[in-house]
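Welcome, and please take a moment with the sequence and the structure before reading on. The report below walks through it part by part.

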Amino acid sequence: MRMSKLLAPTLRENPAEAEVVSHQLLVRAGYIRRLASGIYNYLPLMWRVMKKVEQIVREEMDKAGAQELLMPILQPADIWQESGRWEVYGKELIRLKDRHDRDCVLGPTHEEVITTIAKHEIHSYRHLPVNLYQIQNKYRDEIRPRFGLLRGREFIMKDAYSFHTTEDDLDREYYVMADTYKSIFKRCGLETRMVRSDSGAIGGDVSHEFMVLTHTHSGECDVFYCNQCEYAANSNRAESITPAATTDGKEYFSQEAIVETPDCSSIEALTKFLKIPPTLICKALLYIKDEKEPFLVLIRGDLEVEEVKLLNAVQAYEIRMANEEEVYKYTGTKKGYVGIGNWVISLKEGGVLLFGKEQSSMPLPTVVDFSVKELKNFVVGHNQAGYHKVGYNWHAPDLMEGHYKDVKLARLGDTCPECQKGTLEMTRGIEVGNIFKLGKKYSRAMNATYSTEDGKEDFFIMGCYGIGISRTAAASVERYHDENGIIWPIPIAPYHVVVVPVNTSDETQLALAERVYNELKIAGIEVVIDDRDERAGVKFKDADLLGFPLRITAGKKAGEGLLEVKLRTEKAAQDIPAAEVLAYVQQQLQSWNAEAVLTHA
RNA sequence: CGGGAUGUAGCGCAGCUUGGUAGCGCAUCUGCUUUGGGAGCAGAGGGCCGCAGGUUCGAAUCCUGUCAUCCCGACCA
């Protein structure tokens, strides 16, 4: 390809609208252009990168035994109504009507469609297991598209769905996919970490995310990871062992008593006023589930509630903290004084813990975090403004046993829940892929069954596996760049080599450059020649900005048949006789390994 | 959706406070010179000042509305 013909409009300055590095560089280097918020044109170089990522994904998925197909982006609403997600998915689902006024959606993901396929086309256990995947555009009307390709409203995703007869077989496939994902990202030149995560709107029990750890602000999620073992988890899912409540050897409140605590509506104020550590307090927070049902959360005073964990613990679609009015309505007091000091514990059928006044007709369902289990002689609210109860101890520990939940936000320095030795550290990460065990959620909702070996009908057991193709490409830029521009890992670089004749009006230089360019091209190397009538500085700046892994310069020594060859990751170039350049380039491309980029970028 | 900000030439910005008919740098085009890290000189083209109302003799500038974009939060590949 000739740079004089290539549509790669580079800019001297970063675009004002871009905040994160990958967005700035991709726009500046002429890889992408925004059409509307969260919607981008992939210009020729970007599209080459995307096709490379796709191809790696395709090869590895095929190797794992999955079959590629293509499902419609435009989908009828009825299958979404059938699965229940027409209501649940919310505003993120792009809905539209056709000319007959039929409701349609643009596919954000394809569980409904694939389940329909399985339902109609797979009738027997003999045809299971099967894993089907596609690579196509996805549509999600994100509340806030941002960070360029990292979160668009339209993006390219590989989505795979597997069907099984048993949970064990799903487990097997789940780990096949986990291994496949590791290979895929490794082949793309990206180091990823498999991280436990929340399964969100897609549903199901178990899920993992694959994160590119970035250590920069640009990551989208906080990831906790153990400094001694392989444990890693999204902050909204991370478990941890918090240091036990300590009283520094002091004895507090050996007698239960109600004490006056004026203006102590925060934990901080309360610890100062009573001169106690926050770990001696049991905090009670009132939440509202799905805009109708109040419930209480008990957690140790020094800890924060992780609301995604809480959402799952109460199986709600939505939760929020109660406002002053609601607090008064359900507890009779104001924020900061809510507590269980004068309440009793009971158990509702279905095993829901209730806290409330003995005579109350409306006790509150309660989520009790593990962190309060071991508390002794602690402080709780007394549901009376200006008063707390001190020296409190659990009245009915037997009743509570088995009802503790983990709803706390993990903290830096907490002990690893897995090896119980290391401590948790945190980094930022970009989620580039995920794997879910869906179980029978969709097959049951959509009545998709097959005949079992003993002639009965059963629902398919499903798994699903996604990779953000466009996000993976952007994540690579986010991870590998320097002050001069993008640094592509060789496997996903749009071209491998750029040949730069320093001065196009110097016939010796130009002729040598053209010769090498043709030689490389004929040898099957992906190469561009910067034949533009620009000064050397411009070409070098652009070559760095565009991020080609290898640069070959035909300059002053062209007369001696010498070319300068330089890796994008290195500062210094070396002179190589023209006749040996092809061999050198081939050797560089073959010896690619991820370390080369990891150590220099 | 809540909070904050911005819309002026392809890109980055000034002008707005104090209304008088639009400017700078880069990019583009032409010519000459130059040629190893974003060249110099000379010249040229390009703007419903986001859009719609209003105030005014007169609006990029003041007022109202509206649309769009970006940042922070709740959501996610």
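What follows is a short tour of this model, going from the whole chain to single residues.

## The chain as a whole

Keep in mind as you look around that this is a predicted model. Chain A has 601 residues, and 53% of them count as buried. Its secondary structure comprises 16 helices and 33 strands.

Chain A is divided into three parts: domain 1 (31–239 + 425–478), domain 2 (257–405) and domain 3 (489–592). Domain 1 is written as two stretches of sequence, 31–239 and 425–478. The centres of domain 1 and domain 2, taken over C-alpha atoms, are separated by 38 Å. Seven residues from domain 1 and five residues from domain 2 take part in the contact.

What do domain 1 and domain 2 bury between them? The area comes to about 420 Å², with 51% of it on carbon and sulfur atoms. One residue pair is in polar contact between domain 1 and domain 2, with both residues at pLDDT 80 or more. The count of salt bridges across this interface is zero.

## Strand β8 and its partners

Strand β8 covers residues 154–164, and ten of its eleven residues are buried, so the strand is largely enclosed by the rest of the structure. You can find β8 paired with strand β7 (residues 130–139) through ten bridges, with the two running antiparallel. In this pairing, Gln 136 stands opposite Met 157 of β8.

Strand β8 is also joined to strand β26 (residues 461–468), by eight bridges and again in an antiparallel arrangement. Here Ser 162 stands opposite Gly 463 of β26. As background for viewing such strands, side chains in a regular strand alternate between the two faces of the sheet.

Glu 142 sits in the loop between β7 and β8. Is this residue buried or exposed? With a relative accessibility of 17%, Glu 142 counts as buried, because the cut-off for buried is under 20%.

Leaving out residues up to four places away in sequence, Glu 142 touches Glu 92, Arg 151, Gly 152 and Arg 153. For a sense of distance, the C-alpha atoms of Glu 142 and Asp 222 are 20 Å apart, and these residues are separated by 80 residues along the chain.

## Salt bridges

The count of salt bridges comes to 35. One of them joins Glu 82 and Lys 119, whose closest N and O atoms are 3.4 Å apart. This pair links distant parts of the chain, since Glu 82 belongs to helix α3 (residues 77–83) and Lys 119 to helix α5 (residues 111–121), 37 residues apart. Both partners are partly exposed: Glu 82 has a relative accessible area of 36%, and Lys 119 has a relative accessibility of 28%.

Another salt bridge brings together the side chains of Lys 437 and Asp 171, at 2.5 Å from N to O. Lys 437 is buried at 12% relative accessible area, whereas Asp 171 is partly exposed at 26%.

## A helical pair and a network

Glu 268 and Lys 272 form a salt bridge with their closest N and O atoms 3.7 Å apart. The two are four residues apart in helix α7 (residues 267–274), which means about one helical turn separates them. Glu 268 and Lys 272 are both exposed. Elsewhere, salt bridges link Glu 59, Glu 60, Lys 63 and Arg 187 in a network.

## Lys 309, a buried lysine

Lys 309 lies in helix α8 (residues 307–313). Its relative accessibility is 7%, so Lys 309 counts as buried. Setting aside residues up to four places away in sequence, Lys 309 touches Asn 236, Arg 237, Ala 238, Glu 239, Asp 406, Val 407 and Lys 408.

Notes: Residues numbered from 1 in each chain as written. Chains lettered and ligands numbered in written order. Predicted model: local features only at pLDDT ≥ 70, side-chain atom pairs only at ≥ 80, totals over all residues. Heavy atoms only, no water. Buried < 20%, exposed > 50% of the residue type's maximum accessible area, 1.4 Å probe, protein only. Pairing = 2+ DSSP bridges. Domains from an automatic or database assignment. Contact = heavy atoms within 4.5 Å. Buried area = accessible area lost by both parts, 1.4 Å probe. Salt bridge = Lys/Arg side-chain N within 4 Å of Asp/Glu carboxyl O. Polar contact = N/O pair within 3.5 Å; in protein donor to acceptor, adjacent residues only side chain to side chain.
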